[in-house]
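Trainee: I am new to this one. Please take me through a single part of it closely, and then show me what lies around that part.

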Amino acid sequence: WKILSAGSLPGLNGIKFFDEKNGIVYGDGSDGSPTGIFRTVDGGANWRVVPGTRSPTWYGGDFTDAETGVLVGAWGRIAPYRNSRFAAADVDTLGGRTIRQVKLVGDRAYAAGN
């Protein structure tokens, strides 16, 4: 572990490592890291912001591998993660409810929240 200076990363809500080198963490979007998603390819020695649009916060995620998954969060946000990028998902309206967790099962995703 390496100590980082306070405020160098936004609030983080989840982490997933796919092997000893490749991992992802997700949490709050901020001015310095708009997506709130970071990826490492060197076991956590360095983290890079995953490109994309500003997001309020990601509460849950599930991934099939280091390149593919889905994130869920505040205000009914669901975002597929493909090829180290994420985008908005096409879903029916959720009425702005926060989604807290998601699980991928085959070609379906199941989500739970408020």
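Mentor: Start at Ser55. Ser55 sits in the loop that links strand 4 to strand 5 (58-65). Keep in mind that the model is predicted. Is Ser55 buried or exposed? Its relative accessible area is 1%. Buried means under 20%, so Ser55 counts as buried.

Now look at what surrounds Ser55. Leaving out residues up to four places away in sequence, Ser55 touches Gly29, Pro34, Thr35, Arg77 and Phe86. One of these, Phe86, also belongs to the largest nonpolar core.

That core has 10 residues in all. They are Ile24, Tyr26, Ile37, Val50, Trp58, Phe63, Leu71, Ala79, Tyr81 and Phe86. Strand 2, strand 5 and strand 7 (78-82) each give two or more residues to this core.

Take Ile37 next, a core member on strand 3 (residues 37-40). Ile37 and Arg39 point one way from strand 3, while Phe38 and Thr40 point the other way. All of these residues are buried. In a regular strand, side chains alternate between the two faces of the sheet.

Strand 3 has partners. Strand 2 (residues 23-27) runs antiparallel to strand 3, and four bridges join them. Across that pairing, Gly23 stands opposite Thr40. Strand 4 (residues 48-49) also pairs with strand 3 in the antiparallel sense, over two bridges. There, Val49 is the bridge partner of Phe38. In general, strands of a sheet pair through backbone hydrogen bonds, either parallel or antiparallel.

Go back to the other end of our loop, at strand 5 (58-65). Strand 5 meets strand 6 (residues 68-73) over six bridges, in the antiparallel sense. In this pairing, Gly60 stands opposite Val72 in strand 6.

Setting aside residues up to four places away in sequence, Phe63 touches Lys16, Phe18, Ile24, Tyr26, Thr68, Gly69, Leu71, Tyr81 and Leu104.

Follow the contact to Lys16. Lys16 lies in strand 1 (residues 12-17). With a relative accessible area of 35%, Lys16 is partly exposed. Neighbours within four places in sequence aside, Lys16 is in contact with Asn22, Gly23, Ile24 and Phe63. Remember Gly23: that residue stands opposite Thr40 in strand 3. Lys16 and Asp65 are 49 residues apart along the chain, yet 9.8 Å separates their C-alpha atoms.

Finally, step back to the whole protein. There are 10 strands and zero helices. Of the 114 residues, 35% count as buried, and Ser55 is buried too. Among contacts with a separation of 6 or more, 32% come from residues 24 or more positions apart. The protein exposes about 7,000 Å², and carbon and sulfur atoms supply 51% of that area.

Notes: Residues are numbered from 1 along each chain as its sequence is written. This is a predicted model: local features need pLDDT of at least 70, side-chain atom pairs count only at pLDDT 80 or more; totals for chains, interfaces and linings use all residues. Side-chain values use heavy atoms; hydrogens and water are left out. Buried means under 20% relative accessible area, exposed over 50%, partly exposed in between (1.4 Å probe, protein chains only). Contact means heavy atoms within 4.5 Å. Accessible areas come from the Shrake-Rupley method with a 1.4 Å probe; for residues, only the protein chains shown count as cover. Two strands pair if DSSP finds at least two bridges between them. A nonpolar core is a set of buried Ala, Val, Leu, Ile, Met, Phe, Trp, Tyr and Cys residues joined through side-chain atoms within 4.5 Å.
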